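Visitor: Please take a close look at a single part of this model and what surrounds it. I would like one connected account, with the cut-offs stated.

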Amino acid sequence: MQWQILDRFRNYTDPWRPLSYAVWAVYATARDALLGGRGSGAARSPASFKESAFYLWFKTINHHFIEIESTRTPVPQLVPQASGLVLELGPGMGNQLRRFDKSKLTRVVGVESNAHFAPDILLEVKERGLEDVYELLTGSVDDRGALERRGIVAGSVDTVLSIQVLCSVPDPEATMRELYGLLKPGGRLIFWEHHRSSDWLTVAMQCWLTRVTPPSLVVHSCSDGDDRSMEPNLEPIHRLPHDA
Ligand SMILES: C[S@@+](CC[C@H](N)C(=O)[O-])C[C@H]1O[C@@H](n2cnc3c(N)ncnc32)[C@H](O)[C@@H]1O
């Protein structure tokens, strides 16, 4: 193991700024819930509170996510590979819509569980000229019935696209199994996700900061045998290594 003390310090302290915004978002959501009383959406249940606070946090620092993904990750090369009938998991603010190659798409169904994001996604659909192909489904990707009502059934999907969503689902391996079942033979799963560093001290930091993708997902990540990783060779001390 190499110590690289300064690099480690920089990499490990980098995420504390976005995390400080998370603390602020929780405070602001709690304040609004208290002032708004029981009529306030966030006050209805712990799950509503979490969704409101997450939306506020994500929206506030979204420009950083866009900038980092655009300049330091393979995401801009991954997303345009989506083709045919695409199932996009957790579009969030709709950041990936700008990256689709529209000429390759027949239909895109975006499944987002947090309803707060819907207006932002629909605005992005309009701004990117995707109204004729993109449909938003507000619900969980695990809701088979809702997917079936949109015609997303076993063996029907050309591409499943998941950019930093699997770290949020309760059982990523079960979700991945379900998603494989939806793919046509030769269909593709395109994903970008946190993975475990090979450096033990960094792993200890990762456990504080994020959930890491189980190795089994990385090993079995492609349906057509094309299991190239597009992630540049990151130093193992990088705080949030990803798999693509
Ligand atoms: C970290 S954000 C990533 C957003 C977007 N994919 C991007 O690249 O900017 C994760 C998103 O997945 C959504 N999400 C989490 N679990 C989900 C589920 N079970 N079904 C659908 N969406 C989910 C969250 O609400 C959130 O918008």
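Guide: For sorting residues by class, Ala, Val, Leu, Ile, Met, Phe, Trp, Tyr, Cys and Pro count as nonpolar, Asp, Glu, Lys and Arg as charged, and the others, Gly among them, as polar. By these classes, the shell around the ligand has 9 nonpolar, 9 polar and 2 charged residues. Of the 20 residues in the shell, Gly90, Gly92, Asn114, Ile163 and Ser168 come nearest.

The model is a predicted one: local features need pLDDT of at least 70, side-chain atom pairs count only at pLDDT 80 or more, and totals for chains, interfaces and linings use all residues. Numbering starts from 1 along each chain as its sequence is written.

Next, the loop and helix that follow β4. Helices (H or I, at least four residues) and strands (E, at least two) are DSSP runs, numbered from the N terminus. Gln164 lies in the loop between β4 (157-163) and α7 (172-182). Its phi is near 55 degrees, a positive value in a residue other than glycine. A residue is buried if 20 or more other C-beta atoms lie within 10 Å of its own, exposed if 12 or fewer, and partly exposed in between. Gln164 is buried because 21 other C-beta atoms are within 10 Å.

In α7, the buried residues are Thr175, Met176, Leu179 and Leu182. Looking down the axis of α7, these fall within an arc of 110 degrees (taken over the directions from the helix axis to the C-beta atoms), so they line one face of the helix. Ala174, Arg177 and Gly181 are exposed on the other side of α7.

Leu182 also belongs to the largest nonpolar core, which has 38 residues. Such a core is a set of buried Ala, Val, Leu, Ile, Met, Phe, Trp, Tyr and Cys residues joined through C-beta atoms within 7 Å. Along with Leu182, the residues with the most contacts inside this core are Leu87, Leu89, Val157, Val160 and Leu161. Elements that each supply at least two residues of this core include β1 (84-89), β4 and α7. β5 gives the most, with 5 residues. In soluble globular proteins, nonpolar side chains tend to be buried together.

Two residues are in contact if their C-beta atoms, placed from the backbone, lie within 7 Å. Not counting residues up to four places away in sequence, Leu89 touches Val111, Val141, Val160, Leu161, Ser162 and Val165.

Definitions and conventions:
Near = placed C-beta within 6 Å.
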